[in-house]
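Please open the model in a viewer and follow the selections below in order.

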There are 2 protein chains.
Amino acid sequence: MASDLIRRLYETWSKDDFSELDSLIAEKYTIFSDPGDAWEGQTLDRGTYRNRLLYSRRAFPDLVFDVMQLIAERDRVAVIWKASGTHLGDLRGLPATGKRLGFSGQTFYLIQDGKAAGHWQVIDRLGFIQQLQG
Amino acid sequence: MASDLIRRLYETWSKDDFSELDSLIAEKYTIFSDPGDAWEGQTLDRGTYRNRLLYSRRAFPDLVFDVMQLIAERDRVAVIWKASGTHLGDLRGLPATGKRLGFSGQTFYLIQDGKAAGHWQVIDRLGFIQQLQG
């Protein structure tokens, strides 16, 4: 089911074992909209998707996502999520601050052939930056 | 249907005729989560909800919302929306800049007894501020 697929995707984003990734993500994954994301507008192959995930987990090695709400209809799944982690690695040129950060977002996923094939996402980046600078 | 209800709500946010509002909004409307919103965490009566809408339409008198995607399940509706308007009125102490702004967000609505009774929302406020300051 599409909702289980997306829950498993958040579990993979919350650990360093990426072995499930190929069963969750389509060979081509499009970031249709994700303001402020370095990959916005791009279609990623699996290696690039994996690099995107690695990038987040290197900046926040204890990164954990919680799915707060999830609904599904046809080929779309919509999610409210929260994440938290400690900023222990480089974040786009910003050296580790050691700060414990929490941030939240909402995401629509496109599901194709039982896998996630893309997303439209909005993250509370203003709140995130305020925590980093605070 | 819940999806039609939410589409009509965005139409009401896009015009100065609020006559439909009582048929769309529950007597108590809770803003469960909406980072950066002045009413976040509050439960609004209809008068307060109307003031919130008026506040936005005074800051952006030509404000128009477009529903880009919408899915519904049980008592929830999830929406991707875009908005645009000209900043012609006071915005939390910031005087009118005359700038034409576009901004986007995602929202989950709680539906109760055929009306919208609350929301969880994330707006791209960083992009919004960058346009205001740019």
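Angles under 35 degrees count as roughly parallel, over 145 as roughly antiparallel, 65 to 115 as roughly perpendicular and the rest as oblique. Axes are lines fitted to C-alpha atoms, for helices over the stretch in contact, with angles from 0 to 180 degrees between N-to-C directions. Helices are DSSP runs (H or I, at least four residues), numbered from the N terminus. The model is predicted: local features need pLDDT of at least 70, side-chain atom pairs count only at pLDDT 80 or more, and totals for chains, interfaces and linings use all residues. Residues are numbered from 1 along each chain as its sequence is written, chains are lettered from A in the order in which they are written, and side-chain values use heavy atoms, without hydrogens and water.

Select residues 2-13 (H1) and 46-59 (H3) of chain B: the helices pack at about 55°, with axes 10 Å apart. H1(B) and H3(B) are therefore oblique to each other. Here Leu9(B), Thr12(B) and Trp13(B) meet Tyr49(B), Arg52(B), Leu53(B), Ser56(B) and Arg57(B) (contact: heavy atoms within 4.5 Å).

Next, select Leu9(A). Beyond its neighbours within four places in sequence, Leu9(A) contacts Leu21(A), Leu24(A), Ile25(A), Tyr49(A), Tyr109(A) and Ala116(A).

Finally, display both chains. How many residues of chain B are in contact with chain A? There are 24, and they touch 24 residues of chain A. The two chains bury about 2100 Å² between them, 64% of it on carbon and sulfur atoms; buried area is the accessible area (1.4 Å probe) that two parts lose on being put together, summed over both. On chain B, select Ile71(B), Gln106(B) and Phe108(B), which lose the most area to chain A, together 32% of what that side buries.

Technical notes: Helix = DSSP H or I, 4+ residues; strand = E, 2+ residues; numbered from the N terminus.
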